[in-house]
Amino acid sequence: MLDVSQLRKVYGPDPNAPPAVADLSFTVAEQEFVCILGSSGCGKSTMLRCLSGLDSPTAGEVRLRDRRVTKPPEEMAFVFQDYSRSLLPWMKVRRNVSFPLRYKGVGNRAADDATEEALDAVGLAGKGDLYPWQLSGGMQQRVAIARALAYKPRVLLMDEPFASVDAQTRTGLEDLLLDVWQRYEITVLFVTHDIDEAIYLADRVLVLRAPAQIRHSTTVPLARPRDQLTTKQQPEFGQLRAELFNALDAQPAPA
Ligand code: ADP
Ligand code: MG
């Protein structure tokens, strides 16, 4: 589905400057849930921006269903960490969810239906007439997720989307995401720096080191549907946690 090969990104005009992403290669299968784990500053966001076509790589390429990505592909949606900046405060929740559909050329009726369905999927049915600032942080992030779902992407890229909500809201959002991932049959690439979150969500976890290169890759054999209590109590969960902790810890500090 997604094929990243020899991706390299250097910021600024000097091609010999230290790269933010260097020689990064991996593939993601259709409907796979891949988590990318890496310490702060190791190039995770840069990598995602290059994958989404929002930023152009210095070298290498990204292919989505065998087509080279040079601008944001129509079948891709993006959820950022900072929901307060991704929602438009002057638009009601409903409009925040539906406006990208107009750009996609979806008719009014179909856009309204997709919007209500997505709000319902994230547990915000009936909240369409509120403004973002009338909602809690967790609800605002659910609006951002609803917007991505209404868009009916084939691929969903998420950059530390739950990092700025409290722990309890976060586990709720993780379960919500797993539910909609399975129902909508999307491919998800999810960036986080939280080991437990990565294991809980993913089919496969990739560990990056600075500059973003795959340091470690592991498949997660835990059964689905997963459950915040029983899944995390399984011995395999603890083993994976130790394995990933070591993979992260062994990283050299960024220069
Ligand atoms: P992460 O998301 O893993 O925290 P980033 O991709 O944000 O990492 O950053 C990787 C490296 O690239 C860091 O050293 C950061 O300072 C640098 N960087 C990120 N964005 C820019 C930018 N727009 N211009 C210059 N350097 C940047
Ligand atoms: Mg980042």
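**Aromatic rings in a predicted model**

Colleague: How exposed is phenylalanine 80?
Modeller: Phenylalanine 80 has 36% relative accessibility, so it counts as partly exposed. Keep in mind that this is a predicted model.

Colleague: And which ring does phenylalanine 80 pair with?
Modeller: Phenylalanine 78. The two are stacked, with 4.3 Å centre to centre and 15° between the planes.

Colleague: How many aromatic pairs does the structure hold?
Modeller: Five. One of them is stacked, the pair of phenylalanine 78 and phenylalanine 80.

Colleague: What about phenylalanine 162 and phenylalanine 190, why is that pair called tilted?
Modeller: Their planes sit at 55°, so the pair is tilted, and the ring centres are 5.7 Å apart. Stacked would need planes under 30 degrees apart, and edge-to-face over 60.

Colleague: Where do those two lie in the fold?
Modeller: Phenylalanine 162 is in the loop between strand S7 (155-159) and helix H6 (167-184), while phenylalanine 190 is in strand S8 (residues 187-192). The pair therefore ties together parts 28 residues apart in sequence.

Colleague: Are they buried or exposed?
Modeller: Buried, both phenylalanine 162 and phenylalanine 190. They also belong to one aromatic cluster with Phe33 and Trp181.

Colleague: Switching to charges: which lysine lies over the face of tyrosine 151?
Modeller: Lysine 104, at 4.3 Å from the ring centre. Tyrosine 200 has lysine 232 over its face, at 4.9 Å from the ring centre.

Colleague: Last one: what does UniProt list for residues 2-235?
Modeller: The unreviewed entry gives "domain: ABC transporter" there. In the model, that span is 35% helix and 24% strand, and its end C-alpha atoms lie 32 Å apart.

Conventions. Residues numbered from 1 in each chain as written. Chains lettered and ligands numbered in written order. Predicted model: local features only at pLDDT ≥ 70, side-chain atom pairs only at ≥ 80, totals over all residues. Heavy atoms only, no water. UniProt positions renumbered as here; feature names shortened; annotations may be inferred. Helix = DSSP H or I, 4+ residues; strand = E, 2+ residues; numbered from the N terminus. Phe/Tyr/Trp six-rings, centres within 6.5 Å; stacked < 30°, edge-to-face > 60°. Buried < 20%, exposed > 50% of the residue type's maximum accessible area, 1.4 Å probe, protein only. Lys NZ or Arg CZ within 6 Å of the ring centre and 35° of its normal.
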